[in-house]
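The sequence and structure are shown below.

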Amino acid sequence: MKVILAQHGGQAAGINLNRPPKVIDSAALDEPKAAELKRLVAAANSAPSSAASSGKARDEMSYTITIQDQGRETVLSQSDTTMSADFAKLLAWLQRYPKN
Amino acid sequence: MFSNHCRCINCITPPHILKKLLENSDSRIRDAALRTLLTTSRLRGERTIRGLLASAALVSSQGRRTISDCGNSISLPAATIGRTEEGPTSTDESVNRAFVGLGKTREFYKEALDRDSLDGNGMRLNGYVHYDASYNNAFWDGSEMIFGDGDDVLFTDFTKSLDVIAHELTHGVTEFTAGLRYHKQSGALNESISDVFGSLVKQWAATPKQTTDQADWLIGAEVFTPDINADALRSMKNPGKAYNNPTLGRDPQPDHMSKYVDMPDTDAGDHGGVHINSGIPNKAFYLTSIGIGGYAWQAPGQIWYAALQASTSTTDFQEFADTTYLKAGQMYGSQGAEQQAVLSAWKEVGIRVSGALALAGTTARMRRPMADISNGRDEDQADVARKIEQLTGQLATLSKQVANLRSKPH
């Protein structure tokens, strides 16, 4: 399973445009880490946004997490003001992951 | 028959076109345009009075500030209060910087633009610091301000930048005035307005206050860690040159319409490049300020603020440029140095003010004393001018009466 994180917008939108997405291949992780990632992905995948966008937020960041697994691709997109708790946990895990 | 046809323009004809029609040699066209302008003025007056009456029913919060600490969580309800208007100074510098930044911005709007907080009616100012862990951003969530600490690799604490704080609060002002849609050109204008007034707050709050040639015209110069070789997030003086290094890439902001970046209206496309194309109106404001000189929150800031208030949710660059030109003429005199600086600035970024000569002529006539207006074609305009003055007088009287109502104890 590959998980790809792209971050958009925010005060540093111009910088975020230039930065490549972060790619994490679970095959390169040790078993407990890979299992943790799989669990977080499953939880985020089944959690809808916590709130509908008000359309009033400015400079908030949005996040696209693409999951490629066994020939299937799933795309999750949420933002600072709409993300679910499970999406936030997956996002935090991916942001902490040190390798690109 | 003809006049019926002309009445249709009540609904859709922009004011600058109507004003141009006042110059038409056909008296029927002039009449129709004048009637439309009068109707618009009356409706605007009604809206103003309705707004005043509605606000009179509210009790102002006097822009009272509260800063809360998220403790590196993303939950705002779980945040703890860090400092209030009556409370002592915090031991947390992020809390204090946000508190002072909100206060400086509130003072700027009050003293420089005579605006009582973001909504014009003393709206409370709530800020949240230490949002999330290593969060590289600050944003306006639609009613409150949120600041991240930065990851300490690229970015540091976003409360360190006063212009970033004022930028976010100005999104609130824009929402309560023009309500510029956050997409494509109106979105880029929304971002530019926040940069303009963000920079003006910094220039105004500096000790000593900064003139246009003393200001750095940078947005977010303080948010990078010392290891990052970058001037700022954006440069109003030199869009596209705020940074250029292997870590951050190159600043993608254009400084001219010929370099406008057409991006998709999606999250990944920055809603059509709202943070990218804002470089164009940013540069126009910078050039206007340099052209006029002195303190930028005076004539340039007043013109931009008046244009913002006269704008709508769909105003684009061209319409905003036209409005700043018209406002400059109305506020500082047709063909004056201020209006010429506005015209020249927009031209330099590739935007020609629509019908500049016609607008200038209209502004000049509107400013002429009544005694100068003679007969024939000008009689129509004299009549209109009298009616507008009467309406303005009635509106002023009503406004005073409402203001008196508001000042009485509840």
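## Helix packing and chain contact

The model is predicted: local features need pLDDT of at least 70, side-chain atom pairs count only at pLDDT 80 or more, and totals for chains, interfaces and linings use all residues. Residues are numbered from 1 along each chain as its sequence is written, and chains are lettered from A and ligands numbered from 1 in the order in which they are written.

Helices (H or I, at least four residues) and strands (E, at least two) are DSSP runs numbered from the N terminus. Axes are lines fitted to C-alpha atoms, for helices over the stretch in contact, with angles from 0 to 180 degrees between N-to-C directions.

| Pair | Angle | Axes |
|---|---|---|
| H6(B), residues 162-176, and H7(B), residues 184-205 | roughly 130° | within 7 Å |
| H9(B), residues 279-292, and H12(B), residues 337-348 | about 145° | 8 Å apart |

The crossing of H9(B) and H12(B) is right-handed. Contact residues there (C-beta atoms, placed from the backbone, within 7 Å) include B:Leu287 of H9(B) and B:Trp346 of H12(B).

Between the chains, the contact takes 26 residues from chain B and 25 residues from chain A. On the side of chain B that touches chain A, H6(B) gives the most, with four residues.

Definitions and conventions
Left-handed = near helix turned anticlockwise from the far one by under 90°. Contact = placed C-beta atoms within 7 Å.
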